[in-house]
Amino acid sequence: MKAVKLRIYPNDTQKGLIEKHFGCCRWIYNYGLEKKTKFYNETKKSLSIFDISNDLPGLKKKEETVWLKEVGSQALQQALKDLDSAFSSFFKKITKFPRFKSKRNNKQSFRIPQGFEVIPDSHVIDLPKIGAIKFRDKFEFPKDVFYRSITVSKNNANQYFASVLLDDKETPKVKPPVNKSKTLGIDLGVKTFATFSDGQKVENPKFLKESLDKIKTESEKLSRKTKDSNNYGKQKLRLAKTHLKVANRRQDFLNKLTTSISKNQGYTSIAIEDLAVKEMAQTFKPINRAIGDCGFRIFRTMLEYKCEREGKNLLVINRFDASSKTCSCGVKNETLSLDERTWICQSCGATHDRDLLAANNIKTFAVAGQATRFT
């Protein structure tokens, strides 16, 4: 299974139809959420999603909701299935209780499970009720592939995308046994983004910090506009595009870095630390913006699926292991502060670069079987 996100370019008519799909799918989701919640409060029983789906034909005939006919039925059915999944996740204590969707949220989406067509040679996606839309992407679609679903979305900068879930029937690669000499330990940080156990370091590009002045200027211009005016909307879009550029640069950096790590033929296993990014941001408040700018969670997600694709082991150690404070001789430096980047062990006299030491300790802990997760 593989997901490919494509930038699509609908014309004005198609944009209107896509916006109608956003609105109708949002409305039916909220309709189902209200009905399920009310039924549970009255009977203390769960209302089946099929009972709500049976309302659709009647809703399309009512004068006040006849506009539901203008969108594809598959998208409406899928919105109700997504609602059912949200409730299942809530009862499994994975997520919070489902919330109503707002039309004021610029990030909108809908999913179509079938009835669409992807034509790679013509760079076209044909969607029911919307028609053929051009897309642009360098991804080469496999010839014998089964398309499972497609999700159309829009971001804050009014750009449209189609995420295609496909099954290329690729046989998973067999992962080799964990070998210390073939394992790469990686320590992540704010100043130096990544330090490898082999001594290499990747500096943090700090994309947000570079763009803070421009973001501040665009934000000040927005504050001087009359809310909900045309100029306010234009300036809001400019600010959104500024933020989007930062996010795209960060995404590109992380993509290239994780690809180079996963494709490195010198290693068959990658060891990282299980970072609690949210807790880190709350603990180190003076640098919480810098922590958020790093994109540690995105880095791990990318590394997970790329290691799986390349047939490599991803070893994740417990974040409570004091990787940067423990000398190779086993003595722990309890007094080491965050400002100290190098330190000398009082027991064996060894001088340590704390980032390099952390990377090697992460590697050692992972190979010793202290990894909490194998991917």
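These legends walk through close-up views of a predicted model. Local features need pLDDT of at least 70 and side-chain atom pairs count only at pLDDT 80 or more, while totals for chains, interfaces and linings use all residues. Residues are numbered from 1 along each chain as its sequence is written, and side-chain values use heavy atoms, with hydrogens and water left out.

**View A. An open sheet of 7 strands.** The order is S2-S6-S7-S1-S5-S4-S3, with antiparallel pairing. Strands here are DSSP runs of E with at least two residues, helices are runs of H or I with at least four, and both are numbered from the N terminus; two strands pair if DSSP finds at least two bridges between them. At the edges sit S2 (108-112) and S3 (117-119), each pairing on one side only. Neighbouring strands are turned by 30 degrees against each other on average, direction ignored.

**View B. Strand S2 beside S6, with helix H1 on the sheet.** S2 and S6 (residues 146-154) run antiparallel and are joined by 5 bridges; Gln-108 has Lys-154 in S6 as its bridge partner. H1 (residues 12-43) packs on the sheet and touches S2, S5 (131-136), S6 and S7 (160-167), where contact means heavy atoms within 4.5 Å. The direction of H1 makes about 90 degrees with that of S2; axes are lines fitted to C-alpha atoms, for helices over the stretch in contact, and angles run from 0 to 180 degrees between N-to-C directions.

**View C. Two of the aromatic pairs.** The whole structure has 11 aromatic pairs. Rings of Phe, Tyr and Trp (its six-membered ring) pair if their centres lie within 6.5 Å; planes under 30 degrees apart count as stacked, over 60 as edge-to-face and the rest as tilted. Trp-27 and Tyr-31 are stacked, 5.3 Å centre to centre with 15 degrees between the planes. They're 4 residues apart in H1, so about one helical turn separates them. Phe-193 and Phe-253 make an edge-to-face pair at 5.4 Å and 80 degrees. This pair links distant parts of the chain, with Phe-193 in S9 (residues 192-196) and Phe-253 in H6 (residues 230-262). Both are buried (under 20% relative accessible area; exposed is over 50%, partly exposed in between; 1.4 Å probe, protein chains only).

**View D. Two lysines over rings.** The charged end of Lys-5 sits over the ring of Phe-161, 4.8 Å from its centre. Lys-101 lies over the face of Tyr-29, at 4.3 Å from the ring centre. For this, NZ of Lys or CZ of Arg must be within 6 Å of the ring centre and within 35 degrees of the ring normal.
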